[in-house]
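Hi everyone, thanks for making time for this one. I'd like to walk you through a model I've been looking at, so please have the viewer open.

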Amino acid sequence: MLRKSVITGTGHYVPPRVVTNRDLERLMDTSDDWIRQRSGIVTRHHVDPGVNTSDLACEAARRAIEAAGVDPSTIDFIVAATLSPDHYFPGIGVIVQAKLGLGTIGALDVRNQCSGFIYALAAADQFIRAGTYRRILLVAAEVQSANLDFSDEGRDMAVLFGDGAGAVILEPNETGDGRGVLSTHLFSDGNFASKLWMEKPCPADNPTFQRAVFDEGKFFPRMDGRHVFVNACERMPESVRAALAHNGLAAEDIDALIPHQANDRISQMVAKGLKIPAEKVVRNIDRLGNTTAASIPIALDEAVRDGRIRSGHLVALTAFGSGYTWASALVRW
Ligand SMILES: CC(C)(COP(=O)(O)OP(=O)(O)OC[C@H]1O[C@@H](n2cnc3c(N)ncnc32)[C@H](O)[C@@H]1OP(=O)(O)O)[C@@H](O)C(=O)NCCC(=O)NCCS
């Protein structure tokens, strides 16, 4: 019998401090109206100084572990996704391992930005299917607020992003009841790396850390918003169609669509492209902004806990982001 991997617990955590559009108006030339109209975002959460990405990750992980009802000592692998690790290296996987007091298990870090959770899920799913591991902690977390340009120059990005973390526990399902991850589909096109990136610091400057990089604010993330918008609207539906075709399913079969929460207008275009009604689309961008790799597992946890996602439902995940990378997954809940 073919083994599938199944999500047995979900959890999320966002830091308590709420930042409103009005708060941002005080820092840069922007307006509540502009932000709401262009992105659908009303609030986002930011950490206080001293809080690291791994702190958010651990909190989300604890909640997922509790929801799964498993003993943490039985977790045999970690996959962690973030673009905002605590340190340049090592990644947050090992820091989560240490802070949660897990054994000397493997910890894999995934660097696929907004697509990070689905890329991480794809890797974890393969380990479970192959029988390599039996209980994987998959966690995605971001502290975006610590490196955004809150001046007028950075306002296009600074208003969009928020901090947060989401986690799931993945285990094998050998019952043959069809529940679990049906398939994952990963894509990339590095020709567009510079459309959404943090260009510096960069080893080619040799040495990597140059004073000018800091003086000129080159270490802030930058994007071509229009380009990202258009590509996200095309690539996410395309990736879901690939997943549906692979499984012989149709868009009407989807009970819940969780698009990466990049921008509410993008999510609406994705749903429209797939002809999926708004009530099936999970959204939290109005409250949380774009939490990058964490956005899908946070939305998933919210929808599972409030009963929108129930046993037997077909859940479609799709993401698009820096790289460009994009991805989809279908999960029979
Ligand atoms: C950034 C984004 C919201 C801008 O929306 P848009 O509809 O493309 O914006 P418009 O072209 O209508 O407006 C751009 C103007 O708004 C200005 N602007 C940008 N950010 C602003 C802000 N926070 N407040 C006010 N004005 C802003 C720009 O400077 C520009 O001004 P100009 O016309 O004088 O040059 C949109 O492109 C977007 O969401 N792109 C995708 C971003 C994304 O999801 N990134 C992460 C992907 S994972």
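Let me start with a question: with which residue does glutamate 59 form a salt bridge, and how far apart are the closest N and O atoms? Before I answer, please keep in mind that this is a predicted model.

The partner is arginine 62, and the closest N and O atoms of the pair are 3.0 Å apart. Both residues belong to helix 3, which covers residues 53-68, and because they are three residues apart there, about one helical turn separates them. As a general point, side chains of opposite charge can pair when their charged atoms come close. If you search the whole structure, you find 24 salt bridges.

The space it takes up is the largest pocket. Which elements give two or more residues to the shell around the ligand? They are helix 2 (32-39), helix 6 (155-158), helix 8 (225-247), helix 9 (264-274) and strand 12 (314-321). Helix 8 contributes the most, with four residues.

There are 24 residues around the ligand, and those that come nearest are Thr30, Arg155, Gly225, Arg226 and Asn263. Sorted by class, the shell holds 12 nonpolar residues, six polar ones and six charged ones.

For those of you who like to look at individual atom pairs, here are some distances. Threonine 30 has a polar side-chain atom 2.7 Å from a nitrogen atom of the ligand. In arginine 226, a side-chain N or O atom is 2.6 Å from a ligand oxygen. Arginine 265 also has a side-chain N or O atom facing this list, at 3.4 Å from an oxygen atom of the ligand.

Last stop: the backbone, where a few loops deserve a look. You'll find proline 207 in the loop between strand 9 (196-197) and helix 7 (211-215).

Finally, glutamine 113 is not a glycine, yet its phi is positive, about 50 degrees. Look for glutamine 113 in the loop that runs between strand 5 (106-110) and helix 5 (116-130).

Definitions and conventions:
Residues numbered from 1 in each chain as written. Predicted model: local features only at pLDDT ≥ 70, side-chain atom pairs only at ≥ 80, totals over all residues. Heavy atoms only, no water. Near = heavy atom within 4 Å. Polar contact = N/O pair within 3.5 Å; in protein donor to acceptor, adjacent residues only side chain to side chain. 1 Å grid on protein atoms, 1.4 Å probe; cavity = no way out; pocket = protein on both sides within 12 Å on 5 of 7 lines; lining within 4 Å. Sits in = over half its atoms within 2 Å of the grid points. Nonpolar A, V, L, I, M, F, W, Y, C, P; charged D, E, K, R; others polar. Salt bridge = Lys/Arg side-chain N within 4 Å of Asp/Glu carboxyl O.
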